[in-house]
Amino acid sequence: DARAVKVVMRNARGVETKTIEMGEAFSVEVFYEGEIKAAHVAVMIYNMVGDRILEANSFFSYKDVLNLRGGSFVCSFEKNFLLAGVYSISLCLGRFDENVDLVHRCFDFTVESKDVYATGRTPDPRTGVIYADHGWEFK
């Protein structure tokens with residue numbers, strides 16, 4: 001069976017980091033040892049209260065059968081919608097409905113505030129857990 005041994009986050013420029021800005025693309029690379037046939041992998045992001053904000057799971061978003069044989073995998077996020085704050089990553093390596101390696105809160109990172117709407121103001125983290133791209137029309 002396989003197990004995760006290292007987690008690395010990279011910002012939009014591909015630089016290893018523990019801090020990203022609101023709206024910035026980022027990736028999570030997981031290094032693992034061992035093998036799993038017909039595998040799935042998941043990267044889960046939690047806030048510091050312990051609420052799961054999102055889960056990126058290859059079972060749902062990757063159509064080919066995975067056979068893990070030691071190495072690494074990268075989960076990329078083209079844009080993040082997280083509000084400013086501290087978050088934690090949990091990992092799962094599994095097969096079908098069995099978790100082979102489930103690692104809770106193995107990597108903490110910070111999202112820094114940014115003027116994502118170009119209004120001169122930044123979304124207040126007290127208004128929710130994510131922000132949304134949206135527009136207004138007044139008639």
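1. Fold content. The protein has 1 helix and 7 strands. Read from the N terminus, the order is β-β-β-β-α-β-β-β. This is a predicted model, and the points below should be read as such.

2. Confidence. The mean pLDDT is 95, and 100% of the residues score at least 70. Strand S2 (residues 19-21) has the highest confidence, with a mean of 97. Helix H1 (residues 58-61) has the lowest, at a mean of 93.

3. Dimensions and burial. The C-alpha trace spans about 55 × 30 × 30 Å along its principal axes. The protein has 139 residues, and 39% of them count as buried. Its accessible surface is about 8,400 Å². Carbon and sulfur atoms account for 50% of that surface.

4. Contact range. Take the contacts between residues at least 6 apart in sequence. Of these, 68% join residues at least 24 apart.

5. Charges. There are 16 positive and 20 negative charges in the protein. Side chains of opposite charge can pair when their charged atoms come close. Here the structure holds 10 salt bridges.

6. Arginine 3 and glutamate 33. These two residues form a salt bridge, with the closest N and O atoms 3.4 Å apart. Arginine 3 sits in strand S1 (residues 3-10) and glutamate 33 in strand S3 (residues 26-47), so the pair ties together parts 30 residues apart in sequence.

7. Glutamate 29 and arginine 10. Their salt bridge brings the closest N and O atoms to 2.7 Å. Glutamate 29 belongs to strand S3 and arginine 10 to strand S1, so this pair ties together parts 19 residues apart in sequence. Is glutamate 29 buried or exposed? Glutamate 29 is buried, because its relative accessibility is 11% and the cut-off for buried is under 20%. Arginine 10, at 23%, counts as partly exposed.

8. Glutamate 137 and lysine 139. This salt bridge has its closest N and O atoms 3.4 Å apart. Glutamate 137 is exposed, and lysine 139 is exposed too.

9. A network. Which residues are joined by salt bridges that share partners? Asp1, Arg95 and Glu98 form one such network.

Notes. Residues numbered from 1 in each chain as written. Predicted model: local features only at pLDDT ≥ 70, side-chain atom pairs only at ≥ 80, totals over all residues. Heavy atoms only, no water. Helix = DSSP H or I, 4+ residues; strand = E, 2+ residues; numbered from the N terminus. Buried < 20%, exposed > 50% of the residue type's maximum accessible area, 1.4 Å probe, protein only. Contact = heavy atoms within 4.5 Å. Areas by Shrake-Rupley, 256 points an atom, 1.4 Å probe, with all protein chains shown as cover. Lys, Arg positive; Asp, Glu negative; His and termini not counted. Charge placed at Lys NZ, Arg CZ, Asp CG, Glu CD. pLDDT = per-residue confidence, 0-100. Salt bridge = Lys/Arg side-chain N within 4 Å of Asp/Glu carboxyl O.
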